[in-house]
Each structure stands twice: as C-alpha cells, then as structure tokens.
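Colleague: I am new to this structure and would like to know what stands behind the words used for it. Could you take me through it?
Modeller: Gladly; let us look at it together.

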Amino acid sequence: MKAPARLWLWLGGGLLVLVVMTAVLQAINNLIWQLSYLLPAWLVGPFTLLLFGGGALLAARFAWPWLDTLRKHGWRLPARHGDRSAAALPPPPGNRQEAAQQQLQAVDQLLERIRDAVQKEALQQERQRVAAELERGDLVVVVFGTGSAGKTSLIRALLNDVVGQVGAAMGSTGACVSYRLRLQNLSRGLKLVDTPGILEAGSEGQRREQLARSEAANADLLVLVVDGDLRAAEQDVFSALSQLGKRLLLVLNKCDLRGQEEERRLLALLRRRCQGRIAAEDVIATSSAPQSVPMPGGKPLQPEPEIDALLRRIAQVLHSDGEELIADNILLQSRRLSDAGRRLLSEQRQQDAESVVDRYSWISAGVIAATPLPGVDLLGAAAVNAQMVVEIGRIYGVSLSRAAAQELAVSVGRTLASLGVIKGGMGLISAALSLNLPALVLSRAVQAVGAGWLTRVAGRSFITYFQQDQDWGDGGIQEVVQRQYDLNRRDSALQAFLTAAFNRVVEPLQRQQKQDRLPPQPKSR
C-alpha cells in the first residue's frame, strides 16, 4: 500500500510544478505582449531583461541570509542564544574513562573562572589527584568495621594468606594504613586500605570515622566487616556506603564463635536486610582469628583463618569487574570534582550578583533622595533598571539586549505592585524610620530607603531567575518575588539593611537639612 501512495504523491507534486511553470510562462508572455504595445520593438527585449534581472537581484538580496545560514548549518536550524548546537558539543564518550576525561576537562574550564586562590588551589590539587588515579594501575579495596568486629585481624589474615607475612605498610593517611599485594591471574596490583574503627565514642572517634568515610570516596571496592546482625548504627553505615554507587561486600566475621546453624541463620538474616542493595553472594562468612583449641598435655592448637570464601569472592569480583570498578570510581570522583567546581563558581557568581544588587540599591536610594518624587507610587524606582539586569545576566553568562532587560525589569516591577510588596515595603520602612526625624527628612528618607529596599528585593529575584537558567520555576515570577520579599523583611535582614541605610541615606539628608537652615554667610570683601 505504501508504493502506490508514494507514486500518487510524486505525480501530484509533478503536476503542481507543471501548473506553476505554465502560469509563470503565461505571465511572462502577457508581459511581453503588453510591453510591445507601450514600447518600441527594439526596447522590449532589453526592458524585459532589466526587469527580470532586477527582480532576481532583489530576491537574492532578501534570500541571502537564509541561504548563508543553510550553507553553514545545512538543514539544521541555528541554535538560539544560550543553546548549544550539536556541533558545539563534544562527541559522546565511548567508555567511562573517556567520560571521566571529559569531566576533568570541564573542571579545567571551571578553574579558569574561579578567582578565590585558596579554593582554586584546593580544587586544582584534587583535580591532579583524580587525573593521577585515572592513570593508576592498582585496584583499591577499603575495609570498614567497628573495633570489635575483627576488621584489622581480617586484613592481617588476608595479607598472610596472599603474601605469606604482613609486610610494612605501603603508606598511611592519618589513621588509614594501606598495603599493596597481588592476586593470582590479576594483572593489576591490589591496594588494601585499613581504615580507623567506626562508631567510636567521643569527638576523636567521630573524626576518625569521618576520615574512614572519606576514604570510601576513593575506593573501587568496599568491604564492611560485622560480627553479628546489623545494629542500628551499623545499618546507617551500611546504607551510607551502599548509596555511594560502589561495589560493596558485607563480611560476617567471627563465625568460629557460633555453630553452623547460627551462622546460616545470620547469613540469611543479613541477606534479607541487604536485599535490593547488594547481591546475596556478596554477603560472606569468615573467621579471621579463630580461638585456639586446648590440647591435653600439649600446646593449644591454633586453627587457620577461614577466609577462603572472601578471597574467592574478591578475586572473582576483581577479575570479572575490576576494570569497570576502576572506571566507575574514577567517573564518580571526576563528577564529584566537577560538582564541587560548579558549586564554587555558583557561590562566586552569587557574591558578584549580590554586590551588583547592593550597588544599584544605593543608586536608586540616592536618586530618590536627591530628586524626591512626591505622589509617585515608586514603581519605577522599585523595578530594577535595565542596566542592572544586563550586568546580572552577564555574570551568569547571559547576554541580554537593553530592550529585553527593560521588559524583564518592568515585569518584576508590575509583580511587586500586584502583590502589594511596594505598599507593604514602604510601610515597613516608614515604621522603622519614624523615630526622631523631622517631617521633611522623614518623607524623603522613607522614599529613598524604600526605593533602595524594593530594588534589593527585585534584584535578588533576578538572581534566582538567572540561577535557574532564566526560568522562574513552577510557581512563576510571583512566587520568586514573594519569597524574596519574605526573606528580606526578616528582622535580621531588615535591620542590617536599615543600619547601612541610616549611614548612607538618612544622615546625609539630615546634614543637608541643617545646611539649608543656616543663614547665608556674608561675602568676604
């Protein structure tokens, strides 16, 4: 059915083209016929050529911008300002390593725009560390657990089993100690990190636990050691670790202290508690330091640690998923680094934007104080002027025309009026300034300080607008303006503004009034 339909479509299109061409030729023929009556025969041809040549040039003049755009962009529409065209975007990453590299390149671009030297240096050092991790060869396994769960004895048993004896620590970071070892048939080295015990009391215990958790961010594989059912505090630790987006093994240690039936019961219980967050086979039983067995008439027998199941699971995970674990870890770290850079840039932009709002608030107050406008509803003074909107937009990388900025400012001014913010704000300012000021000074001060305060409310509404990528949000402009009004009318914020306003606006008005009251000084001869 599709072929006949397409055929009829082509036939219809061809017929339409034929009709159009016939109409054009008929129009040309009629034009030549009419010109032959009006002009000498020798002028008909040149005049016709001149007429059609001029028409073609005029059509080309108007069609050239479209043709030029078509030549540059093909059949794709050019991107609007603020949008990124597909050609401007980097090619999609082929794997996680490439995705992490793109994230690091984005961090480099953020670093160029951050001015705070201390924060920039800290971010640069972290970026260098993540870049080095991207090129590293070791798989990092970080072990967590309480001091009583046998975490350190488990690490010693792992080291003894793999390397024959516990060697010197490869390095340490605070209370974290790391060892390097190799597993058979694993091309990469293994870095085993022993973290401080978690859930210890006191400020020092909390500091050590924070250090242990920070190590989790750099791990490829996490191992949490417990000696029984998950207590409430251990459940919180497990939940926090499982939400990091990393592979996690849960180890039930000290199985020599309980019978096989109790061991099976606890393993089943732990697997039910962890269902949906880690696989059942990632919950493993061990006995890292079995109790010695008394021997009649001889030395007590010290059984070997029972860690084969854990070793097999670690080896299996690292053999099958080791490269993916490294890639996921580096990608996660690079994204976290990129997020930190964006937060710094966002804080810097907000500080810059607030300084612009502060400057224009006092400009508005100064203009009204110098040229009071009695009877005016202050809508024009309360609306942020177009130049201020342009400056705030420029801070957030948005280029606005003056007409667009003026339209945006007027929309906020109208919202201020419609919500009753102008009336309510002027009432707050008037009540706060009605102390011991003369009537003339009070009237001018209320107008000037009120204009500055309303400009501040409007300006901070614009900051929210640009922070949200030129979007007022689900509640629209009314919700943003109302929220800024509520924030700026709080006692602490309003008092801080009034203190500054008294020094900048009220005192100069008082000095000016005193000068106006002084009699004119006699001219010196």
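This is a predicted model: local features need pLDDT of at least 70, side-chain atom pairs count only at pLDDT 80 or more; totals for chains, interfaces and linings use all residues.

**Cores, helices and confidence**

Modeller: The largest nonpolar core has 51 residues, and Ile-392, Val-449 and Phe-466 touch the most other members. The elements giving two or more residues to this core are helix H9 (308–370), helix H11 (386–395), H12, helix H13 (421–433), helix H14 (439–467), helix H15 (476–488) and helix H16 (491–517). H14 brings the largest share, 14 residues.

Colleague: What makes a set of residues a nonpolar core?
Modeller: The set must consist of buried Ala, Val, Leu, Ile, Met, Phe, Trp, Tyr and Cys residues joined through side-chain atoms within 4.5 Å. Buried means under 20% relative accessible area, exposed means over 50%, and partly exposed lies in between (1.4 Å probe, protein chains only). Helices (H or I, at least four residues) and strands (E, at least two) are DSSP runs, numbered from the N terminus.

Colleague: Which residues does Ile-392 touch, not counting those up to four places away in sequence?
Modeller: Ile-392 touches Ala-353, Val-356, Val-357, Gly-459, Phe-462, Ile-463 and Phe-466. Contact here means heavy atoms within 4.5 Å. Apart from this core lies another one of 34 residues, including Ala-100, Tyr-179, Leu-190 and Val-317.

Colleague: How confident is the predictor in the protein chain?
Modeller: The chain averages a pLDDT of 78, and 79% of the residues score at least 70; pLDDT is the predictor's confidence in each residue, from 0 to 100. Among the elements, strand E2 (residues 171–173) has the lowest mean pLDDT (43), while strand E7 (residues 283–285) has the highest (94). Over residues 72–88 pLDDT stays under 50, and the model has eight contacts beyond four places in sequence for them. Residues 163–174 also stay under 50, with 24 such contacts.

Colleague: What does the secondary structure of the protein chain come to?
Modeller: It comes to 16 helices and seven strands. Of the 525 residues in the chain, 38% are buried.

Colleague: How do you know what span to expect of H12?
Modeller: The expected span is 1.5 Å times one less than the number of residues. H12 (residues 402–418) has 17 residues and reaches 24 Å from its first C-alpha to its last, close to the 24 Å expected. H15, with 13 residues, reaches 19 Å, close to its expected 18 Å.

Colleague: Why are the buried residues of H12 said to be on the same side?
Modeller: The buried residues are Ala-405, Leu-408, Ala-409, Val-412, Gly-413, Thr-415 and Leu-416. They cover an arc of only 160° around the axis, so they are on the same side of H12; the arc is that of the directions from the helix axis to the C-beta atoms. On the other side, Ala-403, Glu-407, Arg-414 and Ser-418 are exposed. An α-helix has 3.6 residues a turn, so residues three or four places apart point the same way.

Colleague: Why does Gln-470 count as partly exposed?
Modeller: Gln-470 has 36% relative accessibility, so partly exposed is the term for it. This residue lies in the loop between H14 and H15, and its phi, near 55°, is a positive value in a residue other than glycine.

Key. Residues are numbered from 1 along each chain as its sequence is written. Side-chain values use heavy atoms; hydrogens and water are left out.
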